[in-house]
Amino acid sequence: MRQVGSIFGVANNNDYPEIIIDSIPVPDFISNKRNEKKALHILQDRVLRLSQIPVSYLAVACNTAHLLLSDLQNETNKPFVSMIDAVVNEIKLRAYKRIGLLASPTTIQTKLYQDKMNQNQVKVVLPSQTSIKKLGKIIKRIINGEVKESKRELVAIANELTKRKVDAIILGCTELPLVFPKKYVIPSINSLDVLARALIVKYYFE
C-alpha cells in the first residue's frame, strides 16, 4: 500500500484497492519435485475459490511457483499478472542489457528468467554452480529467521556478479530482499515490489 500513496498520490482511504492475500501452506515442491503435483492440486483448488470472488486480477507472490502459472491460469478466466513478465518489463524500461540473477536453484535451472530475458536481448549472468547451491540454503535460512549469516553470504554472491560488469541484480526470490542491503553498489530489482507496482498499474489504468 506504500507504493499506492507515494507513486500514485492516493490519499483517501476509499481510493485504495481492495487486496485479498491468501497465504497457502503447500508442500515444498521447490526442493522436492515429488511434491509438485500435490502442490498444484492445492493451488488449483484455491484459484477456483478465489475466482468466485469479484476480483480483477490474480498473482502468485513466489518466483519459483511461476512454473505452475500456465496450469493455474487454465483454471480461471481471471487473468494472472506474471511476476516474471513484470520484472522483464522493468528491465526493458530501465534499458538494462546485462543483468545478474539471484534466485532459488529451481528458478535458475528452469530458466524462468533467462528465456524471457533472451527474447528481449538481455544477457542474464548467473552465479557459479557452487553459489547457486548456496542460494538454496540461504533462502531456507532466511525463512527460518537466520538473518546475519544469510546476509553476509548473499552479499558475497552478489559481489561475484558485480565483478562481472552487470547493470543491476534481480532479487528473484521473495525472501532475498528481507536481508539484501537497501543500498548496494549497483541497482537491485525486488521482484515482489515490481509485481506490486504492476498490479497497481492494472488497477488504476486498465
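**Before you start**

The model is predicted, with local features needing pLDDT of at least 70, side-chain atom pairs counting only at pLDDT 80 or more, and totals for chains, interfaces and linings using all residues. Residues are numbered from 1 along each chain as its sequence is written, and side-chain values use heavy atoms, with hydrogens and water left out.

**Stop 1: the sheet**

Select strands E4, E3, E5 and E6. Strands (E, at least two residues) and helices (H or I, at least four) are DSSP runs, numbered from the N terminus. The four strands form an open sheet in the order E4-E3-E5-E6, with parallel pairing. Two strands count as paired if DSSP finds at least two bridges between them. E4 and E6 (188–190) are the edge strands, each with a single partner strand, so one side of each has no neighbour in the sheet. From one strand to the next, the twist averages 30°. Axes here are lines fitted to C-alpha atoms, for helices over the stretch in contact, and angles run from 0 to 180 degrees between N-to-C directions.

**Stop 2: strand E3**

Now select residues 98–103, which make up E3. How much of the strand is buried? Five of its six residues are, so E3 is largely enclosed by the rest of the structure. Buried means under 20% relative accessible area, exposed means over 50%, and partly exposed is in between (1.4 Å probe, protein chains only).

Check the pairing next:

- E3 pairs with E4 (residues 123–125) in the parallel sense over three bridges. Pick Gly100: its bridge partner in E4 is Val125.
- E3 pairs with E5 (residues 168–172) in the parallel sense over five bridges. Pick Leu101: its bridge partner in E5 is Ile170.

In a regular strand, side chains alternate between the two faces of the sheet.

**Stop 3: E5, E6 and the helix on the sheet**

Move along to E5 and E6. They pair in the parallel sense over three bridges. Ile169 stands opposite Ser188 in E6. Helix H9 packs on the sheet and touches E5 and E6; its direction makes about 55° with that of E6. Contact means heavy atoms within 4.5 Å.

**Stop 4**

Keep H9 (residues 191–205) on screen. Two packed helices are described by the angle between their axes and the distance between the axes.

Which residues make the contact? From H4, they are Met83, Ala86, Val87, Glu90 and Arg94; from H9, they are Ser191, Leu192, Val194, Leu195, Arg197 and Ala198. By class, the contact has seven nonpolar, one polar and three charged residues. Ala, Val, Leu, Ile, Met, Phe, Trp, Tyr, Cys and Pro count as nonpolar, Asp, Glu, Lys and Arg as charged, and the others, Gly among them, as polar.

Stay in H9 and pick Ile200. Is Ile200 buried or exposed? At 9% relative accessibility, Ile200 is buried.

**Stop 5: an aromatic pair**

Rings of Phe, Tyr and Trp (its six-membered ring) pair if their centres lie within 6.5 Å; planes under 30 degrees apart count as stacked, over 60 as edge-to-face and the rest as tilted. The count comes to two aromatic pairs. One of them is Tyr203 with Tyr204, edge-to-face, 4.9 Å centre to centre and 90° between the planes. Tyr203 is partly exposed at 41%. Tyr204 is partly exposed too, at 26%.

**Stop 6: Thr106**

Select H5 (residues 105–109) and pick Thr106 in it. Thr106 is buried, at 10% relative accessibility. Setting aside neighbours within four places in sequence, Thr106 contacts Ile30, Thr64 and Leu67.

**Stop 7**

Go to the loop between E4 and H7 (129–143), where Pro127 sits. Pro127 is buried, at 6% relative accessibility. What does Pro127 touch? Not counting residues up to four places away in sequence, Pro127 touches Leu101, Leu102, Ile108, Ile132, Leu135, Ile157, Leu161 and Arg164. Pro127 and Ala103 are 24 residues apart in sequence and 9.6 Å apart in space, C-alpha to C-alpha.

End in H7, at Lys133. Lys133 is exposed, at 61% relative accessibility. Lys133 and Ser104 lie 8.4 Å apart in space, C-alpha to C-alpha, and 29 residues apart in sequence.
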